[in-house]
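Subject: Structure handover

Hello,

I am passing this structure on to you.

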Amino acid sequence: MRGALRRLGLMCCVAFALAVPGAAIAQTRVSAALRSTTIGQGESTVLTISVQNPEGSPGMPPLVLERGLSGAGPMVSRNMAFVNGVSSSSVQFAYELRGDDPGRYTIGPFRIKVGGREYVTRPLVLVVRRASELPARLYVDVQPREPYVGQLVQVSERLVQFAELADAGDKAPPPMPGFWAERFSDIFEYRGRMDGRPVGVVESRARIYPLAPGVATIGRAHIAVATGGSSVDPLTGELTGGRILVLHSDSMPVRVKPLPPGAPEGSSKAVGVLTLSWALDRGHASQDQALQLQLDVRGLGNLPLLPTPALSLEDFEVFASAVDDSFAPPGELAAGRRRFQWTLVPRRSGTLRVPPIPYAWFDPAAAVYRSAALPELSVEVLAAAGASAAASASALPPVIAAQAPRPGAREAWAWCFALAGLCVGFALRVLRGGSAPDPLAAERATQSEWLRAVGFTRGGDFWRAADEAAAWAEARGQQVLRLREEIAAARYGGVAPAEDDVRRRLVERVSEALPPLRKGVPPALRAGVAGAIGLALVFLAAPRGPEPKLVAAAARADQFAREHRIGDAEQGWRNVWREAPGDAGLAARLSHSALAEGRRRRRPPCG
């Protein structure tokens with residue numbers, strides 16, 4: 001039985017071997033290509049060295065460039081396919097090349113050893129045009145160039161256009177490691193002249209603050225623009241035609257100087273041209289009333305980085321502090337304000353004093369430390385048990401008699417005003433900024449570029465672009481495995497399916513790789529609704545004064561209390577409370593009256 005099974009298995013193996021033809025292995029080929037053979041000064045292109053069907057692992061080709069070019073890489077990718085009984089594989093080495101100086105450069109030839117044999121690519125020619133020939137330039141500038149640690153620095157990103165250009169959607173501000181950065185301002189445009197030619201300038205600015213001494217490098221910003229001939233597709237809304245030009249700014253080293261030694265007492269982390277002031281919210285209070293102490297730091301400096309100063313007072317309980325900021329719009333070099341607030345409760349009565357706190361900062365304009373000369377503050381605090389003769393003669397404690405009732409009054413609702421401000425601010429922002437930016441703008445620009453490449457190329461360029469576009473669509477969830485196999489067969493296996501049919505199917509997959517652009521509520525409608533809500537909240541939050549009729553009734557009840565007509569006084573207070581509940585003075589009077597009534601009932605009989 002076992003011998004029969006072995007013979008049956010052997011026969012199956014022989015039949016399978018006869019049914020499957022021997023796999024052929026294509027020959028090894030080495031090639032080099034540039035994505036763009038002509039670039040502008042400061043632009044980049046990609047050099048790709050491909051090894052088709054290597055026998056073993058190919059050695060990494062060294063990149064030797066002429067002066068005037070710079071490069072980075074390589075990024076290595078490997079691919080393998082099996083089509084129509086022919087196996088194929090490839091290894092690609094991708095280098096990024098940047099044209100620093102104009103000229104005509106020869107790249108290569110490259111020598112690569114594969115399987116003990118040396119292969120040589122053909123030399124390539126790269127032409128770098130002068131920057132003056134480019135339709136635009138991108139600059140990043142900082143002022144000052146050698147700041148102190150913590151000093152306010154303004155960074156400007158400036159696009160100078162010599163011709164009309166369109167935004168291609170891909171842009172990024174410069175990376176700024178080593179800095180605490182605020183957000184960039186909205187862009188603003190103006191006209192000027194450069195190299196004797198009229199130019200249009202689009203600029204955006206931000207405030208940044210260096211965090212440590214040494215050399216901090218502001219990286220390269222980039223922006224993609226579309227040159228002449230571009231248009232907007234009426235069906236998709238995407239940019240088509242023309243040429244996509246990616247502009248890069250130069251990186252910029254910034255030498256950050258340390259703060260000099262010899263900082264005075266009370267030195268904070270403040271750096272700038274500053275002024276200080278402080279004050280109490282009032283000059284008189286009772287011992288059971290809280291006071292507000294405010295310290296304002298104003299000027300041009302690193303106000304967002306300032307910590308709350310330490311405060312310890314002998315005659316006051318100091319409670320949690322708060323910070324209130326008022327800064328200039330993003331990117332502007334204008335004075336701002338940071339306010340520190342503390343709540344103080346007196347520990348005793350009398351004339352209490354608040355000694356000035358030491359506060360020092362560094363002035364980078366004069367390169368000296370400065371100290372604030374804050375005045376000593378004082379407040380008259382009355383004892384909570386002190387009272388006038390009239391108050392003592394009444395049935396009310398002094399602290400209650402001193403607080404006149406204000407029935408019907410209402411303080412302003414600060415939280416409601418804050419909500420109103422947010423609504424109005426949102427409305428103004430919507431009116432100024434229009435619709436929210438599309439978060440997939442960069443991806444849509446890439447999608448448009450792939451659609452353009454697939455739609456307008458033919459032959460070998462089409463199959464190469466189709467392979468890369470299909471890989472992009474597959475990375476975003478599209479099912480293109482069958483399509484990629486057909487493309488690979490056309491590129492490497494010599495089998496050429498219908499090019500138009502592959503183009504049509506690939507355009508469908510690439511078009512569906514990203515969700516359609518949604519249209520939201522019109523900005524004018526959103527702004528109108530938010531503004532109306534804000535105005536309604538302002539009306540609701542406004543303070544309200546006491547009602548004169550109820551104030552007079554409460555005053556009559558207080559007079560009854562001073563005349564020791566406690567029953568009449570309590571009835572008057574209750575009547576006013578029914579008309580306008582919630583007043584703190586009335587609540588204190590009614591509570592004291594109830595406590596006094598309880599004490600009278602518990603008092604033992606005389607005799």
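Predicted model: local features only at pLDDT ≥ 70, side-chain atom pairs only at ≥ 80, totals over all residues.

Residues are numbered from 1 along each chain as its sequence is written, and side-chain values use heavy atoms, with hydrogens and water left out.

Helix packing

Helix α5 covers residues 441-456 and helix α6 residues 459-475; helices are DSSP runs (H or I, at least four residues), strands likewise (E, at least two), numbered from the N terminus. The axes of α5 and α6 come within 9 Å and cross at roughly 150°. Axes here are lines fitted to C-alpha atoms, for helices over the stretch in contact, and angles run from 0 to 180 degrees between N-to-C directions. The two helices α5 and α6 are therefore roughly antiparallel (the term for angles over 145 degrees). Their crossing is left-handed, meaning that the near helix is turned anticlockwise from the far one by less than a right angle.

On the α5 side, the contact (heavy atoms within 4.5 Å) is made by E443, T446, Q447, W450, A453 and V454. On the α6 side, F462, A465, A466, E468, A469 and W472 take part. By class, this contact has eight nonpolar, two polar and two charged residues. Ala, Val, Leu, Ile, Met, Phe, Trp, Tyr, Cys and Pro count as nonpolar, Asp, Glu, Lys and Arg as charged, and the others, Gly among them, as polar.

Helix α7 (residues 481-492) also packs with α6: their axes come within 10 Å and cross at roughly 155°. That makes α6 roughly antiparallel to α7, and the crossing is left-handed. From α6, W463, R464, A466, D467, A470, A471 and E474 meet R484, I487, A490, R491 and Y492 of α7. This contact has seven nonpolar, no polar and five charged residues.

Cavities

The structure holds two cavities of 30 Å³ or more. A cavity is a set of points on a 1 Å grid over the protein atoms alone where a 1.4 Å probe fits but cannot get out, and lining residues have an atom within 4 Å of a point. The largest cavity holds about 80 Å³ of space. Of its 14 lining residues, R207, Y209, G301, F327 and A334 are the closest to the centre. Strand β25 (291-301) and strand β16 (197-210) each give two or more residues to this lining, and β25 gives the most, with three.

Regards

Technical notes: Parallel < 35°, antiparallel > 145°, perpendicular 65-115°, else oblique. 1 Å grid on protein atoms, 1.4 Å probe; cavity = no way out; pocket = protein on both sides within 12 Å on 5 of 7 lines; lining within 4 Å. Points joined across faces, edges and corners; volume = space filled by probe spheres on them.
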